[in-house]
Amino acid sequence: MDLTQIGVIGCGYWGPNLLRNFMEIPSSNVKMVADIKQDRLDFVHKSYPGVQTTADYHDLFSQGLDAVVIATPPETHFAIAKECFENGLHVLVEKPMTRTSREAEELMQIAKKHQKILMVGHTFEYNSAVHALKTMIKSGDIGDVYYIDTARLNLGLFRPELNVMWDLAPHDVSILMYILDMVPISVSAYGIKCIFQNLYDVVYMNLLFPNGLVAHIHTSWIDPCKVRRVTVVGSKKMVVYNDIEANEKIRIYDKGVDVHPYPNTYADFQCSYRYGDLIIPNIRLAEPLRQECNHFLECIRDGNDPWTSGEDGLRVIKILEAAERSLVNGAHQETIVW
């Protein structure tokens, strides 16, 4: 089988992880890495001596590549991806796909015109624990979902070119749409600027879904603890997905509240609290990024649309744009236009 020839554009924070995975997958061959910083190119030389490097990503277009992976700052995604499509390459671009929905829609049209794959790096949609959470919700095991709470907190890393919501919330927005199999109808957002005057480093988002379900997303760059948690509260059970846990990522709590069906008086209004077992299911874990990279290669080989397509990326961006409007409009509930 011919190897898929890969180029990597951007080898700063996340690029090395993508580079490592594609280097370790037998069906791919990384030919060249581009980065504007010499210390990052030195890192590639030292770690992968057989991989060519360049400070100008345009050099990749003459390398006979099949595809590129873009892990540069989000404001550069559109222009770089556009050139890659125009040079006949499939594209895997990190989140957020672009900085505006207009750019996202145009990029999708360009990819379609050149008959190339556009895939977005919503890595958590390739996470086995997230798949298990979706199965629990869909099967009805946890009952009707009352609400979902997510927290993605850390101390740093500050990104001056975009606020914490654009940096961290794409993960949880994509997780929510994936596990619920629906898109929200409106969003509100409230933010705080603690360190820099013009940069939100703490943001709280509330998403309203068509069935009345509310999901809360908390993102922060200035929290003392690293938190990557999704809590799903249902009428039968409650589930906590904690991505920080090495092995026991899902915990199912057989807890709930039962109410007297037809209370006529205050004395009849009683709640019965259920405290059942804690279940930790055995989930076969694999590196989500490896799953993502393998899927990208499979889509190139078989001509299939990726799970996290440009459409998936566009939906996330439209939600973030509406949340951005809410941030500057006093946390007003903003309708998301689909």
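Which residue's side chain meets that of D172 in a salt bridge? The partner is R152, at 2.9 Å from N to O. A salt bridge here is a side-chain nitrogen of Lys or Arg within 4 Å of a carboxyl oxygen of Asp or Glu. The model is predicted, so local features need pLDDT of at least 70 and side-chain atom pairs count only at pLDDT 80 or more, while totals for chains, interfaces and linings use all residues. Residues are numbered from 1 along each chain as its sequence is written, and side-chain values use heavy atoms, with hydrogens and water left out.

## Salt bridges

The structure holds 16 salt bridges. Helices (H or I, at least four residues) and strands (E, at least two) are DSSP runs, numbered from the N terminus. Both D172 and R152 are buried. Buried means under 20% relative accessible area, exposed over 50%, and partly exposed in between, with a 1.4 Å probe and protein chains only.

| Pair | N to O distance |
|---|---|
| D172 and R152 | 2.9 Å |
| K134 and D181 | 3.4 Å |
| K318 and E105 | 3.9 Å |

K134 lies in helix α5 (residues 128-139) and D181 in the loop between α6 and β8 (186-192), so this bridge ties together parts that are 47 residues apart in sequence. K134 is buried, with a relative accessible area of 15%, whereas D181 counts as exposed at 57%.

The bridge between K318 and E105 also links distant parts of the chain: K318 is in helix α8 and E105 in helix α4, 213 residues apart. K318 is buried, at 18% relative accessible area, and E105 counts as partly exposed, at 33%.

Elsewhere, R20, E24, E287 and R290 are linked in a network of salt bridges.

## Helix packing

Helix α4 (residues 101-113) packs with two helices treated here, α3 and α8. The axes of α4 and helix α8 (residues 310-328) come within 9 Å and cross at roughly 170 degrees. That angle makes α4 roughly antiparallel to α8. Axes are lines fitted to C-alpha atoms, for helices over the stretch in contact, and angles run from 0 to 180 degrees between N-to-C directions. Angles under 35 degrees count as roughly parallel, over 145 as roughly antiparallel, 65 to 115 as roughly perpendicular and the rest as oblique. On the α4 side, S101, A104, E105 and M108 meet G310, E311, L314, I317, K318 and E321 of α8. Contact means heavy atoms within 4.5 Å.

The axes of helix α3 (residues 77-86) and α4 come within 10 Å and cross at roughly 10 degrees. This makes α3 roughly parallel to α4. F78, A81, K82 and F85 in α3 meet E103, E106, L107, I110 and A111 in α4.

## Nonpolar cores

A nonpolar core is a set of buried Ala, Val, Leu, Ile, Met, Phe, Trp, Tyr and Cys residues joined through side-chain atoms within 4.5 Å. The largest nonpolar core has 73 residues, and I148 and M205 touch the most other members. Helix α6 (residues 164-180) gives the most to this core, with 11 residues. Apart from it lies another core, of 25 residues, among them I6, F22, I117 and C299.

Not counting residues up to four places away in sequence, I148 touches L176, I179, L180, L213, V214, A215, H216, V230, T231 and V232.

## Individual strand residues

L207 is found in strand β9 (residues 202-208) and is buried, with a relative accessible area of 1%. Its C-alpha atom is 4.6 Å from that of V187, 20 residues apart in sequence. With neighbours within four places left aside, L207 is in contact with L176, P184, S186, V187, L213, V214, A215, I217 and I319.

E94 lies in strand β5 (residues 90-94). E94 is buried yet has no salt bridge, and the nearest side chain of opposite charge, K95, is 6.3 Å away. Lys and Arg count as positive and Asp and Glu as negative; His and the chain ends are not counted. Beyond four places in sequence, E94 is in contact with W14, L18, I70, A71, H77, G121 and E292.
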